[in-house]
Amino acid sequence: MPTDTAQDAQAPAPRVPEAAVPPSEAVTPLIRGIAVLRRLTESGGILSLSALERSTGLARSTVDRITSTLARMGYVRLDGRDAIFAPRVMDLGNAYLAALRLPALLDPHADALADELDESVSLAVSDRDGIRFIHQATRRRAMSLSFRIGDLLPAERTAPGALFAAEWTDEDWTRWRERRAADPEDRTFTAVPPRDRARSASDDRAFVRQAAQAATEGWALDDQLIEPGLVAVSVPVRDPHTGQIACAANVVSHTSRHSAADLRDTLLPRLRAAVATMEATLHDAPPPGPGPAPSGLATWTTASKHELGSDFIESLARGLTVLTAFGEGRSALTLTEVSKATGLARATARRALITYEHLGLVTPTRDRGFTLTPRVLSLGFPPLSRTTLPHLATPHLRSLADRLDEPTALAVLTRSGPAPEIQYTAGATTSRVLTVDITVGTRLPADATSLGRVLLTDAFPDVHAQGYALVDQELESGLRSIAVPVRDRAGRVVAAVNVATHAARRTLEDCVTTVLPELSTTAARIQSDFHTASRFTHVPLS
């Protein structure tokens with residue numbers, strides 16, 4: 001009998017549903033699919049199917065059908081008995097961040113402040129009685145923050161939480177007290193360590209005082225509320241049209257660099273200046289134009305159902321497409337607009353929106369519209385928000401190597417020496433007796449390799465014109481390789497992918513007619529994942 005993977009040990013315990021009885025018109029397969037996405041998120045983006053079965057309480061056959069559907073949508077990939085998040089699941093969180101618009105307008109200011117202070121800077125929004133990060137500009141140090149975009153923290157253990165609580169209604173405070181009583185150790189907040197002591201009434205009173213002080217002073221301090229050594233100061237960024245808090249800008253450090261008092265005295269004035277610039281940006285920003293809505297989704301889901309049959313849950317796929325109907329210039333949509341954007345029938349779109357309102361993923365507006373909530377970021381975004389280009393590329397390189405039975409590699413350009421070099425950052429080998437085996441981290445002269453010539457397009461105009469580089473036995477006798485570029489969202493060549501072979505196995509013509517199409521397809525898939533992942537996060541090239 002097959003044993004479970006090591007990921008089983010990390011599976012969260014089954015939970016009580018957030019609302020015991022869903023509305024009669026809610027879509028049950030969609031509720032179950034969202035539960036699977038959340039369990040995967042809480043487990044770091046990878047979990048065995050048997051662990052998903054246990055943690056969700058769903059039948060194994062149901063888990064298999066859900067993960068099969070998610071794999072068809074490109075949200076997960078199935079590797080043996082494991083389900084692993086794929087970059088396309090970030091489309092869900094990207095839809096929320098694009099509709100919110102704050103990251104597009106304010107991220108550059110947060111990044112500039114982090115560079116100026118040489119400290120980590122984050123932006124956070126309110127999410128019921130917690131705070132959720134929408135941007136992280138983290139310093140790379142031996143001791144650095146592990147928080148990610150999409151992580152949810154309890155309001156009372158953060159500086160931004162006090163700022164948001166200053167605007168809470170009586171209903172908000174009641175919900176907060178109920179949550180504190182039900183979860184005194186904060187175990188439902190998986191991004192923070194559990195409390196090391198029991199909740200007390202004095203703790204609650206202290207947070208009420210902290211919120212009142214934040215309302216009066218216009219800033220808040222976190223003096224090691226999350227864990228010992230971690231300190232932060234936060235200032236609200238207000239919506240120029242409503243005066244309410246749009247988000248909170250947060251500077252985070254540790255006590256070996258700054259005490260809490262030092263943050264207040266030395267960094268708070270510079271944080272306030274940066275926030276003033278952010279608010280001016282919000283004030284001056286023109287209204288967003290409507291971005292392109294997704295197209296053909298309903299047709300695609302129908303075709304997938306015809307192809308996969310019972311392994312594809314059409315109601316789950318259609319429901320998930322509703323979230324991607326939102327985006328830049330489409331922050332609030334009516335039922336009719338959602339139906340038009342997705343191609344779904346009004347009744348289908350309506351039931352999906354009812355389900356999402358029940359799950360806290362959308363909220364109704366006063367003019368009969370709907371908006372996404374920050375909770376959408378809980379659907380796969382945090383584990384992938386710290387990904388790298390080599391991590392994104394590796395599954396595609398492995399697939400290409402298996403198809404061609406030739407080694408493949410990803411490389412970037414480095415200029416640390418007198419002449420430009422390439423550095424191998426990812427690769428996949430084969431089981432041939434005679435094969436190319438260049439390990440990750442190896443550096444080679446750029447102008448002698450196909451990878452380097454793709455990256456040095458100015459020096460090799462013919463490569464730029466034809467879109468690939470073919471090098472025949474110039475680096476080493478018998479070694480033949482062909483490479484194509486990988487571009488960032490701005491169209492710049494930032495990496496290259498190649499296939500290497502022995503000259504006795506493939507002719508030059510075969511490299512172009514047989515290998516190049518497969519290689520180009522793989523590069524396009526890597527590039528697509530890279531563009532998805534880097535829309536609102538920084539994706540390191542190595």
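In the predicted model, Asp186 is placed in the loop that joins H7 and H8. The phi angle of Asp186 is near 60 degrees, a positive value in a residue other than glycine. Most residues other than glycine have a negative phi. With a relative accessibility of 1%, Asp186 counts as buried, because the limit for that class is under 20%. Pro193 is likewise found in the loop between helix H7 (170–182) and helix H8 (201–217). Pro193, however, has a relative accessibility of 30% and counts as partly exposed. Beyond its neighbours within four places in sequence, Pro193 is in contact with Arg157, Ile226 and Glu227. The C-alpha atoms of Pro193 and Pro290 are 41 Å apart in space, and the two residues are 97 apart in sequence.

A positive phi also occurs at Asp118, where the angle is near 55 degrees, again in a residue other than glycine. Asp118 belongs to the loop between helix H5 (102–117) and strand S4 (120–127). The relative accessible area of Asp118 is 38%, and the residue is therefore partly exposed.

Arg272 is part of helix H9, which spans residues 260–284. The relative accessible area of Arg272 is 38%, which makes this residue partly exposed. Not counting residues up to four places away in sequence, Arg272 touches Glu217, Gly218, Trp219 and Val235. With Glu217 there is a polar approach: a polar atom of the Arg272 side chain lies 3.0 Å from the backbone oxygen of Glu217. Arg272 and Leu379 are 107 residues apart along the chain, and their C-alpha atoms are separated by 33 Å.

The crossing of H10 with H11 is right-handed. On the H10 side the contact involves Leu297, Ala298, Thr301, Thr302 and Lys305, which meet Glu314, Ala317, Arg318 and Thr321 of H11. By class, the residues of this contact comprise three nonpolar, three polar and three charged.

H11 also packs against H1. The axes of helix H1 (residues 28–42) and H11 come within 8 Å, with a crossing angle of roughly 70 degrees. This angle makes H1 roughly perpendicular to H11, because that class covers 65 to 115 degrees. Pro29, Leu30, Gly33, Ile34 and Leu37 of H1 meet Ser315, Leu316, Gly319 and Leu320 of H11. The contact of H1 with H11 has six nonpolar and three polar residues and no charged ones.

The axes of helix H2 (residues 49–56) and helix H3 (residues 60–72) come within 9 Å and cross at roughly 115 degrees. H2 and H3 form a right-handed crossing. The residues in contact are Leu49, Ser50, Leu52, Glu53 and Thr56 from H2, and Arg60, Val63, Asp64 and Thr67 from H3. Three nonpolar, three polar and three charged residues make up the contact of H2 with H3.

Two further buried sites lie towards the end of the numbered elements described here: Asn498 and Ser534. Asn498 is found in strand S18 (residues 493–502) and has a relative accessibility of 6%, which places this residue in the buried class. Apart from its neighbours within four places in sequence, Asn498 is in contact with Pro407, Thr408, Ala409, Ser450, Leu451, Ser481, Ile482, Ala483 and Leu519.

Ser534 is located in the segment after helix H18 (508–533). The relative accessible area of Ser534 is 17%, and the residue is therefore buried, the cut-off being under 20%. A polar atom of the Ser534 side chain lies 2.6 Å from the backbone oxygen of Phe530. When neighbours within four places in sequence are left aside, Ser534 is in contact with Arg489 and Val539.

Conventions
Residues are numbered from 1 along each chain as its sequence is written. This is a predicted model: local features need pLDDT of at least 70, side-chain atom pairs count only at pLDDT 80 or more; totals for chains, interfaces and linings use all residues. Side-chain values use heavy atoms; hydrogens and water are left out. Helices (H or I, at least four residues) and strands (E, at least two) are DSSP runs, numbered from the N terminus. Buried means under 20% relative accessible area, exposed over 50%, partly exposed in between (1.4 Å probe, protein chains only). A polar contact is a pair of N or O atoms within 3.5 Å; within protein, one must be able to donate a hydrogen and the other to accept it, and residues adjacent in sequence count only if both atoms are side-chain atoms. Contact means heavy atoms within 4.5 Å. A crossing is left-handed if the near helix is turned anticlockwise from the far one by less than a right angle, and right-handed if clockwise. Ala, Val, Leu, Ile, Met, Phe, Trp, Tyr, Cys and Pro count as nonpolar, Asp, Glu, Lys and Arg as charged, and the others, Gly among them, as polar. Axes are lines fitted to C-alpha atoms, for helices over the stretch in contact, and angles run from 0 to 180 degrees between N-to-C directions. Angles under 35 degrees count as roughly parallel, over 145 as roughly antiparallel, 65 to 115 as roughly perpendicular and the rest as oblique.
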